Amino acid sequence: MAALSLGLHLARKRGSIRSGAVERRNLLTVCRFSVKTLLDRSCFETIDDSSPEFINFVSILEHIFSHRLKGNMTWFGYESTRTFWDYVKVACSKVPHSCIRSIESMENVQSSRAKGRAWIRVVLMEKRLSEYISTALREFKTSRRFYEEGAIMLGEEASLLADTLIGLNTIDFSFCLKGEGLDGVYPSVIDYTPYLKFTLNADSISSDEDEMRTVGSSGSEGSTPDKMATAATIFTEQSSLVSKCKRLEQKYRMVLEQKSYLEDLVRLREIQLSKAMSNNKALDQKLADTHLSHSMEKEQLEYIVLELQDQLKSFQSLEQLSVDMSLSQTSLDPSHTPGIETRPTGAHWPHHAKEETPSLRGLCGSLTSVASYKSLASLKSSECLASPATETSTPGLTPS
């Protein structure tokens with residue numbers, strides 16, 4: 001019994017692993033087909049909420065984001081349901097210029113699932129869906145916290161999904177985010193019928209040939225086997241040519257979309273390069289202006305320093321001259337001459353009175369000229385050191 005139960009357990013485990021792998025592969029394959037149909041449709045009309053290809057694509061994307069999503073455990077041990085919006089707003093919080101806050105503040109979008117659907121539409125219009133998914137995949141710890149083992153967001157297929165969604169950046173989407181049609185309890189149902197294709201193989205061709213032979217034998221008695229064989233070969237050639245034409249057309253459309261995407265990318269890079277070059281030129285001009293102003297200020301400061309040094313030298317010379325003049329005045333002052341005050345009253349002068357008068361007058365004239373020269377020197381020194389405001393405020397200092 002133990003061996004039987006162990007075998008059943010292993011069989012169930014293998015079956016669950018296989019079913020999970022098949023489910024992941026189906027979702028990713030259908031998502032790739034959906035992206036191609038959106039690219040084909042965008043060549044003829046604008047993609048909006050009413051496009052069946054877009055409705056199917058959003059349904060597939062919701063199934064991928066909700067694949068094996070963990071529930072939220074409460075304090076009482078109950079598990080509440082989560083939506084992929086709970087994962088997106090945590091894992092994509094480091095995206096620069098993110099739209100998550102604006103979606104959280106929408107008044108007409110209340111439920112968590114509606115916010116997730118609004119987020120899909122906004123990032124598609126911004127052409128940044130692949131960027132958001134790549135940023136979320138780099139937050140591996142957050143993904144492990146929200147998803148169970150075997151989820152698409154934890155596997156290697158998620159990086160392929162981000163690469164597949166880059167092609168949507170070439171499509172100009174137009175959506176209305178008024179909250180209508182965004183609310184819903186469960187994810188939308190995926191329509192697989194647009195992606196089911198019947199390929200002709202050898203068995204189907206042989207069965208078609210048998211049918212044509214039976215039809216030809218019953219319809220015309222005069223038909224020969226050679227004619228029937230020729231008709232069968234023509235039919236097979238036409239079918240093969242039609243299939244080849246379809247494949248070539250599909251490849252041509254893919255190459256055309258890639259070419260337009262690369263052209264847009266090159267145009268964007270050229271715009272960014274031109275902006276960077278203009279900014280570089282502006283910075284170079286600003287640097288040159290700064291160097292010029294710096295050199296001018298340096299020259300002005302050097303001129304001011306030289307002028308101050310000249311003024312200081314002239315002030316020192318005038319001060320020395322005033323000191324010398326004061327010393328000479330002191331030596332020539334009559335009060336310090338011993339012959340005038342120290343001589344007694346009754347003493348007689350050695351010269352006559354007629355000869356004393358001219359000498360005294362000459363001495364007084366020399367003393368007067370020395371005093372006037374000293375006052376003129378002090379006035380010039382004060383004029384050199386005075387400010388323009390002082391000169392204007394004291395007009396009495398101007399020499400007469």
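## Around helix α5

Which residue just after α5 takes a positive phi? That's K127, with a phi of about 60 degrees. Keep in mind that we're looking at a predicted model here.

Now for the helix itself. α5 covers residues 112–126, and its end C-alpha atoms sit 21 Å apart, which agrees with the 21 Å that 15 residues should span at 1.5 Å a residue. Over at the start of α5, S111 puts a side-chain oxygen within 3.3 Å of the backbone nitrogen of A114.

## How α5 is covered

Most of α5 is tucked away: 12 of its 15 residues are buried. The buried set is R113, A114, K115, G116, R117, A118, W119, I120, R121, V122, V123 and L124. And what do these buried residues pack against? Their partners are α2 (52–65), α3 (84–91), α4 (100–104) and α6 (129–138).

## The nonpolar core

Two residues of α5, W119 and L124, turn up again in the largest nonpolar core, which has 55 residues. They are among those with the most contacts inside this core, along with F57, L129, Y147, L165 and L168. As for who contributes, the elements giving two or more residues to the core are α1 (2–42), α2, α3, α4, α5, α6 and α8 (157–164). In general terms, nonpolar side chains tend to be buried together in soluble globular proteins.

## F57 and L165

F57 belongs to helix α2, and it counts as buried because its relative accessibility is 0%. Setting aside neighbours within four places in sequence, F57 is in contact with C31, S34, V35, L38, L124, L129, L165 and L168.

What about L165? Not counting residues up to four places away in sequence, L165 touches C31, V35, F57, L61, L129, S130 and I133.

## Aromatic rings

How many aromatic pairs does a search of the whole structure find? It finds 9. Ring pairs also tie F65, F84, W119 and Y132 into a cluster, and W119 is one of the buried residues of α5.

Elsewhere, R32 lies over the face of F33, at 5.9 Å from the ring centre.

Note on methods. Residues are numbered from 1 along each chain as its sequence is written. This is a predicted model: local features need pLDDT of at least 70, side-chain atom pairs count only at pLDDT 80 or more; totals for chains, interfaces and linings use all residues. Side-chain values use heavy atoms; hydrogens and water are left out. Helices (H or I, at least four residues) and strands (E, at least two) are DSSP runs, numbered from the N terminus. The expected span of a helix is 1.5 Å times one less than its number of residues. Buried means under 20% relative accessible area, exposed over 50%, partly exposed in between (1.4 Å probe, protein chains only). Contact means heavy atoms within 4.5 Å. A polar contact is a pair of N or O atoms within 3.5 Å; within protein, one must be able to donate a hydrogen and the other to accept it, and residues adjacent in sequence count only if both atoms are side-chain atoms. Rings of Phe, Tyr and Trp (its six-membered ring) pair if their centres lie within 6.5 Å; planes under 30 degrees apart count as stacked, over 60 as edge-to-face and the rest as tilted. A charge sits over a ring if NZ of Lys or CZ of Arg is within 6 Å of the ring centre and within 35 degrees of the ring normal. A nonpolar core is a set of buried Ala, Val, Leu, Ile, Met, Phe, Trp, Tyr and Cys residues joined through side-chain atoms within 4.5 Å.
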